[in-house]
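Open the model in your viewer and keep the sequence panel beside it. The stops below each begin with something to select.

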Amino acid sequence: MFGTLMLLAVPTVLFRLLGMFGVGRFATWRVSVLHGLAAMLVFTASAHFAPSDLGPLPGHHDLVAMVPTFVPLPRAVVYLTGVLELLGAAGLVRESTRPVAGLGLAVLFVLMLPANIHAAVEHIALNGKPATPLWFRIPEQVLFIGIALWAYLPTRAAAARRPGGHLTSSHDVR
């Protein structure tokens, strides 16, 4: 049940530790969390293309079973969402593409919420493991949406670089 959260938390902490040891790219928690989300997405996206009995993660067949019946072409949708997760992960690691990737991923996570609800309500097992309960799935999905939106929001430095972007602080000289 906590596997996906660990796929986010462990890389995030490792990236932040790299930042503490001088790797400038990971100097902030924000960038470390966004790179952690990218790492998680690479793992979860791989499940969209892998056979279901390959390893500890669910596979393509498991994910197809999660797709609600009102969604046409569930196999194609699973492949498409895997590709979109990979594109989103790649977009998160570059500062210039991070806002677009964040917004796109937030939309994707919202669109994937019905599949998560369907899997919990219908008790769809993933890789032979019991379905993750709804009380866990929804907050987890909200967390992912929140992190993606955090990527979409400009940093204070980016806002200051924009034409007409004003930051007000006690350090502003007028």
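A contact, as used throughout this tour, means heavy atoms within 4.5 Å. This is a predicted model, in which local features need pLDDT of at least 70 and side-chain atom pairs count only at pLDDT 80 or more, while totals for chains, interfaces and linings use all residues. Residues are numbered from 1 along each chain as its sequence is written, and side-chain values use heavy atoms, with hydrogens and water left out.

**Whole chain**

Show the chain as a cartoon. It has seven helices and zero strands; helices (H or I, at least four residues) and strands (E, at least two) are DSSP runs, numbered from the N terminus. Of the 174 residues, 40% count as buried. Buried means under 20% relative accessible area, exposed over 50%, and partly exposed in between, with a 1.4 Å probe and protein chains only. Among contacts with a separation of 6 or more, 62% are between residues 24 or more positions apart.

Now colour by pLDDT, the predictor's confidence in each residue, from 0 to 100. The chain mean is 89, and 88% of the residues reach 70 or more. Confidence is highest in helix α4 (residues 74–93), at a mean of 98, and lowest in helix α7 (residues 156–161), at 61. Over residues 167–174 pLDDT stays under 50, and the model has six contacts beyond four places in sequence for that stretch.

**Helix α2**

Select residues 29–47. The expected span of a helix is 1.5 Å times one less than its number of residues. For the 19 residues of α2 this gives 27 Å, and the end C-alpha atoms are 27 Å apart, so the two agree. Of these 19 residues, 15 are buried.

Select E85, in helix α4. Is E85 buried or exposed? At 3% relative accessibility, E85 counts as buried. Leaving aside neighbours within four places in sequence, E85 is in contact with L41, T44, A45, H48, L108 and M112.

Next, display the polar contacts: pairs of N or O atoms within 3.5 Å, where within protein one must be able to donate a hydrogen and the other to accept it, and residues adjacent in sequence count only if both atoms are side-chain atoms. The side chains of E85 and H48 are joined by one of 3.3 Å. A polar atom of the E85 side chain also lies 3.1 Å from the backbone nitrogen of A45. E85 and H48 are 37 residues apart in sequence, and their C-alpha atoms are 9.6 Å apart.

**The nonpolar cores**

A nonpolar core is a set of buried Ala, Val, Leu, Ile, Met, Phe, Trp, Tyr and Cys residues joined through side-chain atoms within 4.5 Å. Select L37, M40, L41, L92, L105, F109 and F144: these have the most contacts inside the largest core, which has 23 residues. The elements giving two or more residues to this core are α1 (3–20), α2, α4, α5 and α6.

Centre on L92. Which residues does L92 touch, not counting those up to four places away in sequence? They are L34, H35, L37, A38, L41, R98, A101, G102, L105 and A151.

A second, separate core of 10 residues includes V64, A119, I124 and L126.

**Aromatic pairs**

Rings of Phe, Tyr and Trp (its six-membered ring) pair if their centres lie within 6.5 Å; planes under 30 degrees apart count as stacked, over 60 as edge-to-face and the rest as tilted. The whole structure has four such pairs. One of them is F109 with F144, a tilted pair at 5.9 Å centre to centre and 45° between the planes. F109 lies in helix α5 (residues 98–121) and F144 in helix α6 (residues 134–152), so this pair ties together parts that are 35 residues apart in sequence. Both F109 and F144 are buried.

Move to W135 and F136. Their ring centres are 5.9 Å apart and the planes are at 85°, so the pair is edge-to-face. W135 counts as exposed at 60% relative accessibility, whereas F136 counts as buried at 8%.

**Two loops**

Select P51, in the loop between α2 and α3 (60–66). P51 is partly exposed, at 47% relative accessibility. Beyond four places in sequence, P51 touches G59 and H60.

Finish in the loop between α5 and α6 with H123. H123 has a positive phi of about 55° although it is not a glycine, and H123 is exposed, with a relative accessible area of 64%. N127 lies in the loop between α5 and α6, and its phi is near 55°, a positive value in a residue other than glycine.
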